[in-house]
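Welcome, and thanks for opening this model. Please have your viewer ready as you read.

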Amino acid sequence: MIHKAALLEQFGVPMIVHDVIMRDPAPGEVVVRNTAAPFCSTDWLGWKAMRNKTPPVILGHTAVGIVETTGAGVSAVKAGDLVVVAGTPECGECFYCGVGRPDQCSVLMEQPEPVVAAKEDGTPIRAAGRVGAYAEYILANQNQIWAVESDMPHSQLSLLGCGVTTGHGAVVNVAQVEAGQSVTVVGLGHLGQWMVQAARVAGASSIIGVDMVPGRRDLARSLGATHLVDPTSGDPVEQVRALTGGRGSDVVLEAAGPELAVQQAVLMSRRAGTVVLTGVQQFQASINLPQLAIAIQGRRILACQNGQSILGRDLPLCLSLMESGQYQAAELVTAEYPLEKINEAMYASGQLQDLSGVISFG
Ligand SMILES: [Zn+2]
Ligand SMILES: [Zn+2]
């Protein structure tokens with residue numbers, strides 16, 4: 001099938017929308033007509049060669065759309081179904097799926113990204129996150145495809161496969177925030193905004209949002225943050241401590257990435273508090289952390305990929321929270337772009353203008 005896809009052919013060079021030739025679905029694979037895919041900050045890093053990508057590649061690791069056709073042996077979805085294409089497969093067969101940790105599924109972590117299409121000259125094209133969402137059609141394994149029923153705008157539903165489940169999972173599955181706890185969120189990009197909302201729904205007594213961008217602090221306040229900290233107006237660690245009786249927060253969620261933000265997140269937690277790290281600045285980055293604050297002061301340093309989500313459980317839960325209005329998605333969709341404007345969406349994400357700029361298809 002010939003369709004249009006945004007190709008990353010060289011790192012750091014604008015993507016080009018090309019006709020590409022999708023291969024036929026293999027057994028277990030599904031072709032999805034894409035209706036909406038959020039531009040994720042992860043792809044800004046991928047474009048800048050800060051992720052393991054092999055060009056030419058179609059970026060974009062989650063989307064929502066309609067099943068077009070299915071390969072042999074596909075049972076979970078059928079043509080015409082509305083589906084979320086998730087960025088993390090759950091193969092159900094590997095060691096990690098077997099121990100209840102599909103966020104570490106070996107298909108994602110150990111296998112190269114698959115070839116899903118070819119250029120007209122025959123050059124193979126890979127799909128980022130085994131999805132390749134910046135394209136009119138997506139070819140993915142059924143272990144990444146989840147049928148959903150909803151009348152919500154697809155631009156909002158498209159956030160389910162990345163930011164919503166990841167932010168929700170960091171709060172609910174990993175930090176296991178309890179009612180009455182104080183929570184601090186470091187970094188109020190799209191992920192941080194979902195963490196703020198999940199902390200509110202979990203019953204946190206105070207939610208402190210930390211970000212240098214004023215508009216992001218304002219949005220976090222409207223989504224449930226009770227206090228906002230500007231890290232450029234004085235030591236953010238001291239500011240958080242001042243808001244938490246001098247102790248630090250019961251739970252700190254880091255969704256920023258830079259080493260300094262990670263270090264500050266650890267020190268914003270109280271002794272014996274919980275810290276969840278989710279940011280990755282680039283693949284080779286490492287972080288130095290104070291040993292005393294961890295070992296002697298008993299902080300629990302946790303981390304997560306994809307919110308340690310189990311999508312069969314967490315996707316319906318997050319969708320019902322969105323449909324009931326407890327998770328507000330409309331505010332997170334700050335712009336919509338046609339596929340041809342993919343580079344505008346990328347720059348707006350990289351320059352912190354968009355929270356979630358969604359690529360929308362007709
Ligand atoms: Zn993402
Ligand atoms: Zn697996």
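The report below covers the metal site, the helix contacts and some backbone features.

## About the model

This is a predicted model, in which local features need pLDDT of at least 70, side-chain atom pairs count only at pLDDT 80 or more, and totals for chains, interfaces and linings use all residues. Residues are numbered from 1 along each chain as its sequence is written, chains are lettered from A and ligands numbered from 1 in the order in which they are written, and side-chain values use heavy atoms, with hydrogens and water left out.

## The zinc site

Let us begin with the metal. The zinc ion (ligand 1) has Cys 40 (SG), His 61 (NE2) and Cys 162 (SG) as its protein donors, at 2.1 to 2.2 Å. Donors here are N, O and S atoms within 2.8 Å of the metal (3.2 Å for Na, K and Ca); water is not among the atoms, so sites may look incomplete. Along the chain, the donors of the zinc ion follow the spacing C-x20-H-x100-C.

The two cysteines link distant parts of the chain, 122 residues apart: Cys 40 lies in the loop between β3 (29–39) and α1 (41–47), and Cys 162 in helix α5 (residues 160–175). Helices (H or I, at least four residues) and strands (E, at least two) are DSSP runs, numbered from the N terminus. Cys 40 and Cys 162 are both buried; buried means under 20% relative accessible area, exposed over 50%, and partly exposed in between, with a 1.4 Å probe and protein chains only.

## Helix contacts

Helix α5 also meets helix α11 (residues 311–323): their axes come within 10 Å and cross at roughly 100°. Axes are lines fitted to C-alpha atoms, for helices over the stretch in contact, and angles run from 0 to 180 degrees between N-to-C directions. Among the residues in contact are Val 164 and His 168 of α5, and Leu 315 and Cys 318 of α11; contact means heavy atoms within 4.5 Å. The residues of this contact between α5 and α11 divide into nine nonpolar, three polar and two charged. Here Ala, Val, Leu, Ile, Met, Phe, Trp, Tyr, Cys and Pro count as nonpolar, Asp, Glu, Lys and Arg as charged, and the others, Gly among them, as polar.

What is the angle between helix α6 (residues 190–201) and helix α7 (residues 214–223)? They pack at about 20°, with axes 9 Å apart, which means that α6 is roughly parallel to α7. The α6 side of the contact has Gln 193, Val 196, Gln 197 and Arg 200, while α7 brings Arg 216, Leu 219, Ala 220 and Leu 223. By class, the residues of the α6 and α7 contact are four nonpolar, two polar and two charged.

## Helix α12

In helix α12 (residues 342–350), the buried residues include Ile 342, Met 346 and Ser 349. The buried residues of α12 pack against β1 (2–7), β2 (16–22), β3, α1, β17 (333–337) and β18 (356–360).

## Backbone features

Most residues other than glycine have a negative phi, and most peptide bonds are trans. Pro 55 and Pro 56 are joined by a cis peptide bond, with omega about -5°.

Arg 130 has a positive phi, near 60°, and sits in the loop between β8 (124–127) and β9 (137–141). Arg 130 counts as buried because its relative accessibility is 13%. Gln 176 has a positive phi as well, near 50°, in the loop between α5 and β11 (182–186), but Gln 176 is exposed, at 52% relative accessible area.

Conventions. Angles under 35 degrees count as roughly parallel, over 145 as roughly antiparallel, 65 to 115 as roughly perpendicular and the rest as oblique.
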